[in-house]
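The following note sets out some points for a colleague who is reading this structure for the first time. Please keep the sequence and the model at hand while going through them.

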Amino acid sequence: MSAQSEQLTPLGGNLPANRSVAAPRLKPKWEVVISIGLIHLGVLLAPFTFTWSAFWLCLGLMWATGWVGIALCYHRLLTHRSFKAPRLLEYLLTFCGVLAAQGGPIWWVSTHRLHHAYSDTPKDPHSPVVNSFWWGHMGWFLHRDPRRAQCAALDLARDPVHRFLDRTQGLWPVLLGVLLYALGGLPWLIWGFSVRTVVVYHVTWSVNSAAHTWGYRSYQTNDRSTNCWWVALLSFGEGWHNNHHAFPRSAAHGLRWWELDVTYLTIRALACVGLARNISVPEKACRG
């Protein structure tokens, strides 16, 4: 494995005061509210449509769209460029992220970069500290917010493939749903689409909400990010969030031997077969 042993140092500064600034009065994105509501309603049919094939399909798509598409690709590869991958593989992983129905790559990456630039300040798009836990968890996703108008992903916006996937991001999850219904009927649609999407939604959103609310802090950062073990367990390592805010470019979020980070292990596995290089980690992670 090729790893960059960079001089990555924690971000200094004191914790911000708990500013009880009300969330701005924003208009709901009704198309998003309705679509997410329908996806959640579909979960109510899960007990009546259970089959083992649908269950295993759900787990497989959870891994492909959530833990690989969102955690590994959208977050560590595209947002922070924690490692490099062949361009064709990058596009394939990005497509997996699009199928998670969390927005296009340019929008997602831009939002997350703004979160790091203004973490837990009034300019943070989804801070549970400045606003509310509900806002940090999912309220931000359901509203039109001028704080996200600034594009912080110009590198992706210059790439025609990423632009195409961003413009058509609403189409591909729908086509996946149609394909699942055609191949496996209602069980595959409910478990492979509704159950899988809802689980991935709330696990991803828990990094924004729970991992800024509960847990321990290994580093003093300019926000209230925490290491939340149960979020890390559910999200394949994303819940070691205080570590991540201390070392944003690090491909490894779990920095102690017991902080299991399956996403980082996946990146190392890709490196072993020549599909990941220039992997950035703090020196202590290299020594571990």
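Which residues does Ser235 touch, not counting residues up to four places away in sequence? The first point takes up this question, and the later points turn to the chain as a whole, its cores, its aromatic rings and its backbone.

1. **Ser235 and its surroundings.** The model discussed here is a predicted one. Leaving out residues up to four places away in sequence, Ser235 touches Trp67, Ala71, Val203, Val207 and Thr263. Ser235 belongs to the loop that runs between helix H9 (229-234) and helix H10 (241-246). With a relative accessible area of 2%, Ser235 counts as buried, because the limit for that class is under 20%.

2. **Polar contacts of Ser235.** The side chain of Ser235 has a polar atom 2.5 Å from the backbone oxygen of Val231. A polar atom of this side chain also lies 3.3 Å from the backbone nitrogen of Gly239.

3. **The chain as a whole.** The protein chain has 12 helices and 2 strands. Along the sequence these elements follow the pattern β-α-α-α-α-α-α-α-α-α-α-α-β-α. Of the 288 residues in the protein chain, 53% are buried. The accessible surface of the chain is about 13,200 Å², and carbon and sulfur atoms hold 67% of that surface.

4. **Contacts along the sequence.** Among contacts in the protein chain with a separation of 6 or more, 73% join residues 24 or more positions apart.

5. **The largest nonpolar core.** In soluble globular proteins, nonpolar side chains tend to be buried together. The largest nonpolar core here has 32 residues, and those touching the most other members are Leu77, Leu78, Phe83, Leu93, Ile267, Ala276 and Ile279. Two or more residues each come from helix H2 (52-79), helix H3 (87-98), helix H4 (105-117), helix H11 (262-272) and strand S2 (279-282). Helix H2 gives the most to this core, with 7 residues.

6. When neighbours within four places in sequence are set aside, Ala276 is in contact with Phe83, Lys84, Ile267, Leu270 and Ala271.

7. **An edge-to-face pair.** How many aromatic pairs does the structure hold? There are 21 aromatic pairs. One of them joins Trp107 and Phe141 edge-to-face, at 5.8 Å centre to centre and with 75° between the planes. This pair links distant parts of the chain, since Trp107 is in helix H4 and Phe141 is in the loop between helix H5 (133-137) and helix H6 (154-157), 34 residues apart.

8. **A stacked pair.** Tyr201 and Trp205 form a stacked aromatic pair, 4.8 Å centre to centre, with 5° between the planes. Both residues lie in helix H8 (residues 171-209), 4 residues apart, which is about one turn of the helix. Tyr201 and Trp205 are both buried.

9. **Other features of the aromatic residues.** One aromatic cluster is formed by Phe50, Trp52, Phe55, Trp56 and Trp191. Phe141 also has the charged end of Lys29 over its ring, 5.9 Å from the ring centre. Trp135, in helix H5, is buried at 3% relative accessibility. From C-alpha to C-alpha, Trp135 and Pro125 are 9.3 Å apart in space, and they are 10 residues apart in sequence.

10. **Two residues with positive phi.** Most residues other than glycine have a negative phi. Asp120 is not a glycine, yet its phi is positive, near 55°. Asp120 lies in the loop between H4 and H5 and is buried, with a relative accessible area of 0%. Asn278, also not a glycine, has a positive phi of about 50°. The loop between H11 and S2 holds Asn278, and this residue is partly exposed, with a relative accessible area of 24%.

Terms used: Residues are numbered from 1 along each chain as its sequence is written. This is a predicted model: local features need pLDDT of at least 70, side-chain atom pairs count only at pLDDT 80 or more; totals for chains, interfaces and linings use all residues. Side-chain values use heavy atoms; hydrogens and water are left out. Buried means under 20% relative accessible area, exposed over 50%, partly exposed in between (1.4 Å probe, protein chains only). A polar contact is a pair of N or O atoms within 3.5 Å; within protein, one must be able to donate a hydrogen and the other to accept it, and residues adjacent in sequence count only if both atoms are side-chain atoms. Contact means heavy atoms within 4.5 Å. Accessible areas come from the Shrake-Rupley method with a 1.4 Å probe; for residues, only the protein chains shown count as cover. A nonpolar core is a set of buried Ala, Val, Leu, Ile, Met, Phe, Trp, Tyr and Cys residues joined through side-chain atoms within 4.5 Å. Rings of Phe, Tyr and Trp (its six-membered ring) pair if their centres lie within 6.5 Å; planes under 30 degrees apart count as stacked, over 60 as edge-to-face and the rest as tilted. A charge sits over a ring if NZ of Lys or CZ of Arg is within 6 Å of the ring centre and within 35 degrees of the ring normal.
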